[in-house]
Structures are given as C-alpha cells and as structure tokens.
Amino acid sequence: CLRALKSVKKDILPPLCIARWASTSSVPRITTHYTIHSRNKDKRWEGVNMERFAEEADVVIVGAGPAGLSAAIRLKQLANEYGKEVRVCLVEKAAQIGAHTLSGACLEPRALEELLPDWKERGAPLQTPVTEDKFGILTKNSRIPVPVLPGLPMTNHGNYIVRLGHFVNWLGEQAEALGVEVYPGYAAAEVLFHEDGSVKGIATNDVGIQKDGAPKAIFERGLELHAKVTFFAEGCHGHLAKQLYNRYNLREKCQPQSYGIGLKELWLIDEKKWKPGRVEHTVGWPLDRHTYGGSFLYHLNEGEPLVALGFVVGLDYQNPYLSPFKEFQRWKHHPSVQPTFEGGKRIAYGARALNEGGFQSIPKLTFPGGVLIGCSPGFMNVPKIKGTHTAMKSGMLASEAVFNQLTNENLQSKTIGLDVPEYEENLKKSWVWKELYSVRNIRPSCHGILGVYGGMIYTGIFYWILRGMEPWTLKHPGPDSDQLKPAKDCTPIEYPKPDGKISFDLLSSVALSGTNHEHDQPPHLTLKDDSVPVNKNLAIYDGPEQRFCPAGVYEYVPLETGEGLRLQINAQNCVHCKTCDIKDPSQNINWVVPEGGGGPAYNGM
C-alpha cells in the first residue's frame with residue numbers, strides 16, 4: 001500500500017521546484033501560458049502551423065453536467081418529435097463524463113420527471129430516497145437539534161441522495177442514445193466570434209506545449225466547432241462565461257456573484273452506524289457566526305455502508321488565516337460527528353466552488369450566438385442546498401427556445417449567430433424563477449450582526465410565514481475577493497494536526513481525488529502579473545491562496561538566494577474547483593483550461 005501511495009504521489013504531485021527564467025526582473029517568471037504571453041511575439045513559434053480544422057453543427061454545448069446534458073437531450077427529443085435534423089455536439093474537459101462532477105448531492109427530481117418521465121424504467125441511478133431529515137446547531141462540545149418543519153427549504157421529502165457523477169454519466173448515455181455527439185476529453189479553451197460580434201462557436205485547447213511555453217514536436221492546434229447557437233454550461237465560475245460577461249456586459253443589471261467552496265469525502269463506515277436515507281445538516285462550530293457555512297452527511301443505499309459527507313464555507317469570509325480544508329477536517333472531530341467515522345475508511349476526496357448569489361446575481365442569459373445555462377450563470381437554491389434541478393430546467397428551457405428559432409423558416413436574424421431572448425423570457429415565467437425569488441433574501445440576511453443565526457431567524461419569520469413575498473430584496477456585500485481583511489487585523493487560526501484516522505493532511509487527500517495533469521505543459525493557473533502574489537497577497541494578507549486552495553496548488557517557498565519568498569504553483573494538483581480565481585484578493589489569478597482530460601478523476605462524487 002505504501003509503495004502504491006508513493007507511486008500515486010509521484011504521478012500527481014510536482015517536484016518542489018519550478019523553471020526559472022532568465023530575466024532582468026527580480027521577479028521569477030511563473031506564468032508561461034499563451035493567454036498571458038502572446039505567441040505572436042515569441043520567436044520559438046515562428047513557422048509553426050497554426051491552422052485549425054473546423055466542424056459545423058447546429059448547436060454546440062460546452063460542459064457535460066446536468067444542464068448541458070439536459071439541454072442536449074431536450075434538443076434531440078424535439079428534433080425527433082418534429083422530424084427535424086439537428087446536429088448537437090457537446091464537449092467536456094473531463095476524460096470521462098462525470099469525472100469532474102462533484103456535489104452533495106440530494107436531488108430534487110422535478111426537472112428529471114419533466115425531461116424523462118420514465119427515468120425509473122431507464123435505470124437512473126437514484127437508489128436512495130430520503131427517509132429522515134436532521135438539522136442541528138453545533139457548539140464546540142454539544143449539538144442543539146433544530147426541527148425540520150414542513151415547508152422549510154431544508155425539507156427533503158420526495159428527494160433522492162445520489163452520487164451526481166454517476167447520475168451525470170447516465171444522462172450522457174441517454175443523450176448519446178438520442179444521437180447527441182458527446183466528446184469527453186476536449187476542453188473548450190476559446191470563444192470564437194463572427195465579424196458582426198456574435199458568437200461563432202468555440203475552439204478546443206491546443207496540445208503539445210512545453211511548460212516554458214514553447215511548442216513540442218507533437219504540437220497540434222485545437223478543433224474549431226461552429227454553431228448557430230452555443231450553450232455555455234461550464235458549471236460554477238466558467239472561464240469562458242467570464243469573458244462573455246465582459247464582452248456583452250451581461251452583469252450590468254445584477255449584483256456580483258457570491259460563492260462557497262464545498263469539500264467532500266466518501267467513507268465506508270461501520271454497518272451498525274449506517275442509516276440509509278438519512279440526511280443530516282449542521283451549522284455553527286467550527287465556524288464563527290459571521291462565516292457562512294455548514295456540513296452535510298448523507299447515508300447512501302448502494303449495497304454497502306457508504307456515506308457522503310462534506311463542508312461548505314462561504315467565500316465571503318474575512319479572516320485570511322482561515323483554511324476551508326482544515327475547518328472540514330476539524331468538524332469531523334466534533335463529539336456528535338466523530339463516532340460515525342470511527343472504524344470507517346475514507347475512500348474519496350474532492351472540492352468544487354458553488355454559486356450562492358441566488359436571484360440577485362443572475363446575469364443576462366442571452367447574447368447573439370449564445371446562451372448561459374446551469375451553474376454557469378448560477379441557479380442554485382442556497383437554503384435548499386440544491387441546484388441540479390434548476391440547472392436541468394434551465395437547459396431544457398433554452399433548448400425549447402433555440403429549437404423554435406432553428407426550425408423557423410421565416411426567421412430573420414440580425415446577426416449570424418442567433419440571438420434567443422425567448423429563453424430568458426420563458427425562464428422568468430417558469431417555476432425556477434419563482435423558486436429562486438422566494439428564497440432571495442435568506443443568504444444575504446446572514447450578513448447582519450447575528451450572522452448565520454440571523455439568517456435562520458429571517459428564514460423562520462419571512463420565508464416560512466410569507467414564502468418570500470416580503471416587498472424588499474436584500475443585497476450582497478460585494479465580490480468575495482473584496483471581503484478579506486488585512487492579516488494584521490486578524491487572529492491566526494491554530495488548527496489541530498490530523499490524526500490520520502478521522503482527519504487527514506492535504507496531499508494524501510488530493511491523492512484520493514485521482515487528480516493528474518500532463519506535467520510538461522504551461523500551468524493553467526495563470527497570473528496577470530507575477531509580482532503581485534509576493535508584493536500584495538503575501539505582504540498584506542499573508543498569502544491566503546496557500547490556505548483557500550483545497551488541493552495544495554499554491555505554496556510560498558524560499559528564494560534560492562535564501563532571502564524572501566516566491567510563489568510556487570503546483571498546477572498538477574488542481575482539482576478544478578475555481579476557488580483561487582474567485583477568492584484571490586488581487587484578482588490576479590485567471591484559471592484557464594489545461595489540456596483536455598486533465599484534472600480530477602472522480603468516481604461518483
């Protein structure tokens with residue numbers, strides 16, 4: 001076992017050094033990616049063939065998550081129903097469908113019932129109906145039970161505990177059976193535009209580039225996929241969606257998105273402690289009342305005593321010394337929690353950012369040639385801790401609107417890429433809009449003097465009684481990246497050492513995620529300015545990226561001269577959670593896709 005672990009670490013974890021560039025600057029060069037350093041000015045790229053092959057489709061979908069696959073399925077359903085030929089191509093950066101998917105997950109089947117009413121007969125992997133809801137407030141040494149009353153957002157009657165990666169994989173099978181062309185292992189790296197400014201499609205990533213940014217002998221350009229409409233379903237904080245927000249000013253009339261970081265493990269536990277169908281949530285310890293977050297513990301029923309557990313921390317936290325990963329590990333030692341895991345075995349680990357902005361943070365969803373669906377724009381119902389059903393429904397609504405335009409023989413489009421405003425109009429008439437509006441004030445109500453507990457009181461009064469009909473809408477405080485306080489104004493947090501039985505260190509956790517990237521490629525965690533981490537993040541905030549990253553990607557290590565520190569980026573460890581791009585107080589980190597197929601290899605997370 002030790003030899004196997006050493007082998008895994010050797011494959012996953014990078015050496016403790018990075019290439020140093022000869023430079024007149026005193027700042028070591030960290031970023032070598034072509035999105036920061038143009039290849040047009042690099043002599044090493046002279047004479048390299050940069051021509052790309054192009055494919056034409058009616059619709060291209062970026063991302064094989066619940067939204068993207070539901071959109072693809074709905075498009076082909078409509079095409080088959082009306083006898084139309086519609087070519088749908090879907091690209092996914094993971095090597096296998098579902099391998100980058102991570103969620104709790106407790107699934108509300110409403111959208112699934114609409115999309116595939118015979119899902120049970122088709123063998124959908126929904127094997128664990130919820131049988132019991134438990135909720136509690138944790139203090140350091142005790143647990144205060146809180147009743148889950150009917151009608152509250154946390155009620156899970158009729159829902160299913162699922163392993164979302166397996167559910168997504170099953171959706172992929174349904175899509176392919178309908179004729180959708182699914183291409184796993186192809187990362188969408190670039191948005192393509194027509195001369196009139198409308199979206200033309202996407203290009204997948206180039207392959208065969210050295211870590212220093214030079215072309216390898218095996219260099220190949222990515223593939224261009226052109227479409228009449230492109231669906232962007234990248235998931236939370238998509239890197240292409242970021243570009244579209246700016247280009248089309250899509251966030252002009254909404255508040256900044258707010259996020260959380262969700263960390264998750266799978267455990268095999270003692271069968272005597274296994275309660276299939278039980279759903280448990282807690283708030284409180286180890287977080288203070290001004291740090292939004294909490295835990296989940298779901299008992300699956302898949303033939304073995306398996307539980308899914310996790311911890312979510314709102315990324316609007318203020319103390320730069322906080323480590324979401326270490327808070328998660330510490331939570332497992334609570335007297336009411338630890339007994340569940342004693343004698344058990346941890347078998348998986350992962351992390352992913354999630355949208356928490358809700359109704360106030362939904363951007364404009366359509367633009368010439370494209371639409372935003374799913375967790376990319378953000379349809380998560382935060383108090384429910386559910387977003388799969390709303391993501392799926394958004395994809396279905398987008399497909400219905402797009403199909404009508406694709407098959408409209410009298411359509412006169414102002415742009416080459418089709419603009420489909422009917423999608424957003426129909427979404428605002430749907431149950432998705434009504435649901436998100438009703439809970440719009442719960443998350444921002446946690447910013448008062450009582451913190452999370454104030455949010456609970458607000459939920460009890462205004463949601464349970466008025467169902468979100470109060471005549472006001474609360475605001476979020478601003479971007480999560482602006483919320484950190486300088487280190488000098490905060491108290492360092494002393495975390496206990498992991499015991500290796502209940503709590504664990506970071507690198508052994510990352511090893512369980514199956515994360516791997518081709519080592520000899522430019523780091524996909526790019527910096528706009530290589531000097532900022534040391535001069536600002538380290539100097540003012542004590543280097544928070546080395547704590548908020550749940551995969552050990554960022555380290556401050558001594559300079560070779562022995563004086564001062566430099567930032568080292570261990571890009572091979574990245575689990576594609578996007579937390580760094582969100583929380584970096586300098587907004588200097590820009591996450592871009594690595595070579596297709598790289599990243600975590602989750603099995604039903």
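Before I turn to the annotated regions: UniProt positions are given here in the numbering of this structure, and such annotations may be inferred rather than shown by experiment. The model under discussion is a predicted one.

Let me start with the domains on record. In an unreviewed entry, UniProt places the feature "domain: ETF-QO/FixX C-terminal" at residues 500–603. In the model, that span is 24% helix and 15% strand, and its end C-alpha atoms lie 23 Å apart. The unreviewed entry also gives "domain: ETF-QO/FixC ubiquinone-binding" at residues 259–354. Here the span is 12% helix and 45% strand, with its end C-alpha atoms 6 Å apart. Also from the unreviewed entry, UniProt lists residues 58–118 for "domain: FAD/NAD(P)-binding". Computed over residues 58–118, the chain is 38% helix and 18% strand, and 28 Å separate the end C-alpha atoms.

I turn next to the sheets. Strands of a sheet pair through backbone hydrogen bonds, either parallel or antiparallel.

The loop between β17 and β18 deserves a remark, for it is the place of P286. The peptide bond from W285 to P286 is cis, with omega near 10 degrees.

There is also an open sheet of 3 strands, ordered β4-β8-β5, with antiparallel pairing. Its edges are β4 (106–107) and β5 (128–129); each has a single partner strand, so one side of each is left without a neighbour in the sheet. Strand β8 (residues 160–161) is joined to β5 by 2 bridges, the two running antiparallel. P129 stands opposite Y160 in β8. In the loop between β3 (88–92) and β4 we find A105. A cis peptide bond joins G104 and A105, with omega about -5 degrees.

The axes of helix α2 (residues 66–82) and helix α4 (residues 164–177) come within 9 Å and cross at roughly 20 degrees. Why are they described as roughly parallel? Angles under 35 degrees count as roughly parallel, and α2 and α4 are therefore roughly parallel to each other. The crossing of α2 past α4 is left-handed. On the α2 side, P66, L69, S70 and I73 take part, meeting L164, V168, L171, G172, Q174 and A175 in α4. By class, this contact has 7 nonpolar, 3 polar and no charged residues.

Helix α2 also meets helix α8 (residues 388–406): their axes come within 7 Å and cross at roughly 35 degrees. In this case the crossing is right-handed. From α2, the contact draws on P66, A67, S70, A71, A72, R74, L75, L78, A79 and Y82, and from α8 on T388, A391, M392, G395, M396, S399, E400 and F403. These residues divide into 12 nonpolar, 4 polar and 2 charged.

Helix α8 in turn meets helix α9 (residues 421–428), with axes that come within 8 Å and cross at roughly 140 degrees. That makes α8 oblique to α9. The crossing of α8 and α9 is right-handed. Here S394, L397, A398, A401 and Q405 in α8 meet P421, E422, Y423, N426 and L427 in α9. The contact of α8 with α9 has 6 nonpolar, 3 polar and 1 charged residues.

I close with a backbone detail. H576 has a positive phi of about 65 degrees, although it is not a glycine. Its place is in the loop between β25 (565–569) and α15 (579–583).

Key. Residues are numbered from 1 along each chain as its sequence is written. This is a predicted model: local features need pLDDT of at least 70, side-chain atom pairs count only at pLDDT 80 or more; totals for chains, interfaces and linings use all residues. Side-chain values use heavy atoms; hydrogens and water are left out. Helices (H or I, at least four residues) and strands (E, at least two) are DSSP runs, numbered from the N terminus. Axes are lines fitted to C-alpha atoms, for helices over the stretch in contact, and angles run from 0 to 180 degrees between N-to-C directions. Angles under 35 degrees count as roughly parallel, over 145 as roughly antiparallel, 65 to 115 as roughly perpendicular and the rest as oblique. A crossing is left-handed if the near helix is turned anticlockwise from the far one by less than a right angle, and right-handed if clockwise. Contact means heavy atoms within 4.5 Å. Ala, Val, Leu, Ile, Met, Phe, Trp, Tyr, Cys and Pro count as nonpolar, Asp, Glu, Lys and Arg as charged, and the others, Gly among them, as polar. Two strands pair if DSSP finds at least two bridges between them.
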